[in-house]
Amino acid sequence: MSEPQLAVETERLAKTYLDRATKEPVHALKELSLSCRYGEIYGLLGPNGAGKSTTLRILSTMLAPSSGWAKVDGLDVREEPLEVRRRIGFLSATTGLYARLTPRETLQYFGALHGMEPAALEARVDELLDAFRMHEFADRRCEHLSSGQKQRTSIARAVLHDPPLLILDEPTTGLDILATGDMIEFIEARRDSRRCVLFSTHVLSEAERLCDRIGVIHHGRLLASGTLAELREDTGEEWLDGIFKALVRRAEAGSATT
Amino acid sequence: MGPGRSPTIRLLPTIRLVALKELRSSLRDSQTLLYTLALPLLLYPALFWVMIQVSSLLESRRQVREVSVAVAYEGEPVAARAAELGARLERATSAPDDGTEPAAGRLSVESVGSPRSQAETNALVLVPDGEKRAAFDLVLWLPNEGEWVAVHNSAQPNSALALTRVETLLADEAQRARREALEEGESLAPLAVERRDLASGREQGAYLISVMVPMLIVLMGVFGAFYPAVDLTAGERERKCEETTLLLPVPRAGLWLGKLAAVAVLSLLATALNLFGIVFAANHLLAMVGAGAIEVTLGARELLLTLPFALVLVILTSAVLTGLASLTQTFKQGQSLLGGAQMLFMAPALASTLPGLELTAGTAPTPIVGLALALRSVLRGGDLEVGLLALTLASHAVYALVAAWIAVRLLAGELHTASDPSALDRLRAAFMPSRRP
């Protein structure tokens, strides 16, 4: 069996919710098709409420798509959610740490549930404690850690099983300058290890600095996808803020004429 | 590129790992320790101790409280009798020389002669406007013929106390008069009845336990599951760990069954500690109130027979409370919902204490009522109706399994991110996936 070439592939992916207040359907995602390759950092760029988080949660099997399909490492997220979860590391502001466990216990717990053998797990935990400079606080409860220490623990938790795909939902939100720098270095290191990183952001400078390819998403639709150079050529704009505005204008003009 | 496929779905190891993690986490939480462990163990001993102290204090204050009694009579034919009665009452209630309180309580007795009317007598006991007390707390009125009258005011605490004391003294007086009359006749001896109880102290204790413990076991099962059920569902959601849990590469049913197992273990622990607390406190209480001959113990047989019923109970309570708590978004919402939901267990547990209600083929499968009645039957000892007990256990085991299945469906409902979902939205998502937009 040949290995899949794409880390992520979606086709006409859609998600619709019912708004509790208005009782009207909300189309969080509309026919989104994208693909991400191994060894690539792909950034989903868009304002709040654009559909970035919904996309990432469907890919990580936390939400079921209303229509369309999505594959991770060649596996359909709806049909093989367990196998998909074994292949991803997910990190967001809402993937909190278990407050009453220590970082070491957290890693041991996740490792055990990933089916890692005890000896291999201990070795991996030690390796991550070294790599993320966590020894000093490894046995302190997470509720007593600083935000930087929590961040390092969360990253270690997400890469514990060395997943081929790392999904990061606005990974630098709420971080201070030092922690943001650490996060950016970490993401770059993942590209070097030939893994795929798919992350969402609304910070333009992050996307410009890190991404091999960028998908611009607005009102649940993928407006464009490509390298920064391709997007510049497509829109005639130099910087991402201009590119984003041009794509939105074009989409709105298109929807006005249809 | 990715790892190989996992060979099997590891349900049981998942349940064990998740339950151990949740137990470790819960037992590190001071509120869980307080509500699930410390309170069940200390609640009854502390309550009984306070009850005894308060009761002793109130009794001693009541003992030293002096009440006033007037002796009145209708006419000359009973004047001498009234005077003699007044003197007797005074003697019986005067303080002994050793400084202790009189056994019958303090009573100041005064003769008020022969009032002109019944209204004048009544006025002595009624509190006049602007006053705190009446002239007398009670008037003992002796008519020329017929029964004596104790004129009192039951709305006044001192008057009620005076009535109790006077009635006790008059009963003693009547007994003395009867004895004297019978002795003069020489043909009759006073009738005396001796009590002979065939129940041993242990049997009396077993009866006492069978009356009060089943209801308390049910309540403690609920109490023990309450806090962990909220903490592991709405609490986790509030601490933003729900997504962290949903990302685990294991069957979701294993995750939720692991949580249910942790809640059930904590509930069982609370129930066991509570039982220990009750037995300890009951023995202590009985010794303090002078009923030390009653022996409150739980034998190995009773404990072994109680265990399967307690186990089914904690699974049922844990599943219902955890399932309900999973419908809420925050700890506060969870506590509010479960606060009302507790009545699902408390009401039938209370109903099981109704006099005359016994374990029958009809009551055995009645949720919670049957369980409490079965526990009563087991704790009372003696011959057991095995068929009815088995029916109770089987029916409640089915309820527990159904509740656990529903709870897992509720917990496994899709993550909601678009809007703040109501409990009804979550119910729909769990049982009517087709209704999801």
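**View 1. Strand 3 of chain B is covered on both of its faces.** In this predicted model, B:Leu138, B:Leu140 and B:Leu142 lie on one side of strand 3, B:Val139 and B:Trp141 lie on the other, and all are buried. Here, buried means under 20% relative accessible area, exposed means over 50%, and partly exposed is in between, with a 1.4 Å probe and protein chains only. Strands (E, at least two residues) and helices (H or I, at least four) are DSSP runs, numbered from the N terminus. In a regular strand the side chains alternate between the two faces of the sheet.

A word on how to read these views: residues are numbered from 1 along each chain as its sequence is written, and chains are lettered from A and ligands numbered from 1 in the order in which they are written. As this is a predicted model, local features need pLDDT of at least 70 and side-chain atom pairs count only at pLDDT 80 or more, while totals for chains, interfaces and linings use all residues; side-chain values use heavy atoms, with hydrogens and water left out.

**View 2. Strand 3 of chain B pairs with strand 1 and with strand 4.** Two strands pair if DSSP finds at least two bridges between them. Strand 1 (residues 67-73) runs parallel to strand 3, with 5 bridges. Strand 4 (residues 149-152) runs antiparallel to strand 3, joined by 4 bridges. Look for B:Leu138: its bridge partner in strand 4 is B:His152, and B:Leu138 is also the bridge partner of B:Val69. Between strands 3 and 4 the hairpin has 6 residues, and B:Gly146 there takes a positive phi near 90 degrees.

**View 3. Four residues of chain B make a nonpolar surface patch.** They are B:Trp49, B:Val50, B:Val54 and B:Leu58, and the patch is about 390 Å². Patches are made of residues with over 30% relative accessible area and no salt bridge; like charges are joined within 9 Å, and nonpolar side chains (Val, Leu, Ile, Met, Phe, Trp, Tyr) within 5 Å. A salt bridge is a side-chain nitrogen of Lys or Arg within 4 Å of a carboxyl oxygen of Asp or Glu. Areas come from the Shrake-Rupley method with a 1.4 Å probe; for residues, only the protein chains shown count as cover. You can find B:Val50 in helix 2 (residues 30-64) of chain B. B:Val50 counts as partly exposed because its relative accessibility is 43%.

**View 4. B:Thr392 sits in helix 13 of chain B.** This helix covers residues 386-411. B:Thr392 is buried, with a relative accessible area of 0%. Leaving out residues up to four places away in sequence, B:Thr392 touches B:Phe309, B:Leu359, B:Ala364, B:Gly370, B:Leu371 and B:Ala374. Contact means heavy atoms within 4.5 Å.

**View 5. Strand 7 of chain A is mostly covered.** Strand 6 (residues 88-92) pairs with strand 7 in the parallel sense over 5 bridges, and A:Asp169 is the bridge partner of A:Ser92. Strand 8 (residues 196-201) also pairs with strand 7 in the parallel sense over 5 bridges; there, A:Phe199 stands opposite A:Leu168.

**View 6. Helix 3 of chain A is largely enclosed by the rest of the structure.** The reason is that 8 of its 11 residues (103-113) are buried. Among them are A:Leu107, A:Tyr109 and A:Phe110. Their cover includes helix 4 (118-131) and helix 5 (147-159) of chain A, together with helix 1 (11-26) and helix 7 (242-246) of chain B. After helix 3 comes A:Gly115, with a positive phi near 80 degrees.

**View 7. Chain A is divided into two domains.** Domain bounds come from an automatic or database domain assignment. Domain 1 covers 7-96 + 164-257, and domain 2 covers 98-144. Their C-alpha centres lie 29 Å apart. In this chain, 5 residues of domain 1 are in contact with 4 residues of domain 2.
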